[in-house]
Amino acid sequence: APASLSGTVAPGFAWSPNGQMLAYVADQEINGVRELFMVMSNALGTSAKVNLPANTNQDVNAFQWSPNSSHILYHWEEQSSNTTELYLCGIQEGTPGMVQRAHGVIPANSDVFQFEWSPDGSKVAYIADQDVDGTYELYLIEAGNWGASEKATDQAGWTGTLQCFSF
């Protein structure tokens with residue numbers, strides 16, 4: 001039987017790399033708020049919320065599974081501070097666990113623009129204007145060292161604003 005949803009499923013769903021879980025963004029619990037949910041492929045109809053508790057000023061805009069299916073990284077928009085950040089949720093035996101900010105604290109009016117896991121899952125790269133408003137730069141986070149990021153574009157000879165990247 002298909003999973004029953006109330007609300008609207010937003011564009012965005014993805015199978016975990018191991019094929020056991022399906023994550024999706026939906027306006028399912030709070031009217032007008034896009035949140036991240038997951039369901040086990042062998043337990044359809046029973047979804048679990050992945051993101052932090054939301055209010056009407058927050059939305060999940062995008063997400064990505066880790067290559068080993070143990071985490072979901074998601075793009076969280078906080079409209080009251082005009083900030084978009086990355087959050088991480090550990091997945092254990094198909095159940096969402098602790099949620100934490102993937103990078104360090106970024107100031108109000110800052111945004112994470114794009115993010116991606118490395119193919120081996122050892123790093124997360126993201127583009128953000130976390131140091132200078134409006135200047136987007138590339139940052140790296142070592143998996144397991146969540147909450148700390150290092151600017152990858154702070155190298156001699158680098159000039160300009162980064163707009164995209166790929167592993």
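Author: Let us begin with strand pairing, for which two strands count as paired if DSSP finds at least two bridges between them. Please keep in mind that this is a predicted model.

Reader: In which sense do strands S5 and S6 pair, and over how many bridges?

Author: Strand S5, residues 58-65, and strand S6, residues 71-78, pair in the antiparallel sense, and seven bridges join them.

Reader: What is the phi of serine 69, and is the residue buried or exposed?

Author: Its phi is about 70°, a positive value although serine 69 is not a glycine. Serine 69 sits in the loop between S5 and S6, and because buried means under 20% relative accessible area, its 4% relative accessibility makes serine 69 count as buried. Asparagine 109 also has a positive phi, near 70°, and is likewise a residue other than glycine. Asparagine 109 belongs to the loop between strand S8 (95-101) and S9, and with a relative accessible area of 38% it is partly exposed.

Reader: What is the order of the strands in the open sheet of four, and which strands are at its edges?

Author: The order is S9-S10-S11-S12, with antiparallel pairing. The edge strands are S9 (112-117) and S12 (150-151), each of which pairs on one side only. Strand S11, residues 135-142, runs antiparallel to S12 and is joined to it by two bridges; tyrosine 139 has lysine 151 of S12 as its bridge partner.

Reader: How should I read a pair of aromatic rings, and how many such pairs are there?

Author: The description rests on the distance of the centres and the angle of the planes. Here the count comes to seven aromatic pairs. Tyrosine 24 and phenylalanine 37 form a stacked pair, at 5.7 Å centre to centre and with 20° between the planes. Tyrosine 24 lies in strand S2 (residues 21-27) and phenylalanine 37 in strand S3 (residues 35-40), so the pair ties together parts that are 13 residues apart in sequence. Both tyrosine 24 and phenylalanine 37 are buried.

Reader: Which kind of pair do tryptophan 117 and tryptophan 146 form, and where do they lie?

Author: Their ring centres are 5.8 Å apart and their planes stand at 80°, so the pair is edge-to-face. Tryptophan 117 is in strand S9 and tryptophan 146 in the loop between S11 and S12, so this pair ties together parts 29 residues apart in sequence. Tryptophan 117 and tryptophan 146 are both buried. Elsewhere, ring pairs link Tyr74, Trp76 and Tyr87 into a cluster.

Methods. Residues are numbered from 1 along each chain as its sequence is written. This is a predicted model: local features need pLDDT of at least 70, side-chain atom pairs count only at pLDDT 80 or more; totals for chains, interfaces and linings use all residues. Side-chain values use heavy atoms; hydrogens and water are left out. Rings of Phe, Tyr and Trp (its six-membered ring) pair if their centres lie within 6.5 Å; planes under 30 degrees apart count as stacked, over 60 as edge-to-face and the rest as tilted. Buried means under 20% relative accessible area, exposed over 50%, partly exposed in between (1.4 Å probe, protein chains only).
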